[in-house]
Amino acid sequence: GQRLIFFGRFAGLAGMINSFWSLGERLKVKGIANPFIKLKQSHKYNSLEEAKEVLREIGEEIKENGLPEEITPLTIGFTGYGNVSLGAQEIADILPFEEITPEELTKIDEKETSNKLIYKTVFKESDISKTKDGSEFELQHYYNHPEAYENNFEQYVPHMSILMNCMYWDDNYPRIVTKDYLEGLFKNNDAKLLVIGDITCDPDGSIECTHIGTEIEDPVFVYNTETREPTMGFEGDGVLVMSVDILPSELPRESSETFSDALFDYVKAIANADYNVPFQLLDLPAPIKGAMILHKGDLTPDYEYIKE
């Protein structure tokens, strides 16, 4: 019953590389020298390992010289804990880091922090949403009755430098960050939030200011929280958003190898099957048959809902 092929990890890997690159470029625009300026966008590397090697160098520089005072403590919040989040964390964890809880994040200004560390926090559903009636959060109930929940996440946003949005969302659930909230946060000009890496990338969705999925060639925009207008590129007032919606394409070598490795054992059966027989008699391995949407021009039983 598990999916055989998925690209979530690669979306997370590329998304985090791009978000660190975005941070470096955004700080450069603000006149702040920083070690992330060494990094390039994911697809400009020949391999994932090549990108990781540059991140290791950045990590060594942070250990030796620390991060610029203007951005410390540097904190990253990850929404979700699935394949996308794990991929993003795999990149972030190359740098010297300490993991802290959501509650500890809210008190980070009272904590003795180091400019030679990055502080990361992973948020579960119960951190992100709460019941409207104040009853205890229950995960299955949340999935079944999202309308009974409201935002619980915005309390954490003022304490984040980078927000990595890595979790599934649809419009039945409360938004994670609204435009109204961002306007209030930035009004006093002391917002810590520099970059939103919106890997989930639901336009006008969980991160409401993500108005489009961006292209690899034009990957970022600055969202002005006051005028509510985006400007492509790294310049302008507000928060920088990276919302490329085909991130695994930025790591084509590793994504393709993983796809091929997962599919390889099934190729012979796919090539040899007799597709003239009715679907019920079609002799294919279960993962392949379960993935077939059409057979002889008709929707297969599991996909007939598409007619709706």
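Me: What does helix H3 lie across?
Reply: In this predicted model, helix H3, covering residues 83-92, lies across strands E1 and E3, and it runs at about 160° to E1.

Me: And in which sense do E1 and E3 pair?
Reply: Strand E1 (residues 74-79) and strand E3 (residues 118-123) pair in the parallel sense, with six bridges between them.

Me: Which residue of E3 is the bridge partner of Thr75?
Reply: The bridge partner of Thr75 in E3 is Tyr119.

Me: What's the strand order of the sheet as a whole?
Reply: The sheet is an open one built from eight strands in the order E2-E3-E1-E6-E7-E10-E8-E9, and its pairing is mixed. Its edge strands are E2, at 97-99, and E9, at 229-232, each of which pairs on one side only. From one strand to the next, the twist averages 25°.

Me: Switching to cysteines: how many disulfides does the structure hold?
Reply: The structure holds zero disulfides.

Me: Is Cys201 buried or exposed? And Cys209, buried or exposed?
Reply: Cys201 counts as buried, with a relative accessibility of 9%, and Cys209 also counts as buried, with a relative accessibility of 2%.

Definitions and conventions. Residues are numbered from 1 along each chain as its sequence is written. This is a predicted model: local features need pLDDT of at least 70, side-chain atom pairs count only at pLDDT 80 or more; totals for chains, interfaces and linings use all residues. Side-chain values use heavy atoms; hydrogens and water are left out. A disulfide is a pair of cysteine sulfur atoms within 2.5 Å. Buried means under 20% relative accessible area, exposed over 50%, partly exposed in between (1.4 Å probe, protein chains only). Two strands pair if DSSP finds at least two bridges between them. Helices (H or I, at least four residues) and strands (E, at least two) are DSSP runs, numbered from the N terminus. Axes are lines fitted to C-alpha atoms, for helices over the stretch in contact, and angles run from 0 to 180 degrees between N-to-C directions. Contact means heavy atoms within 4.5 Å.
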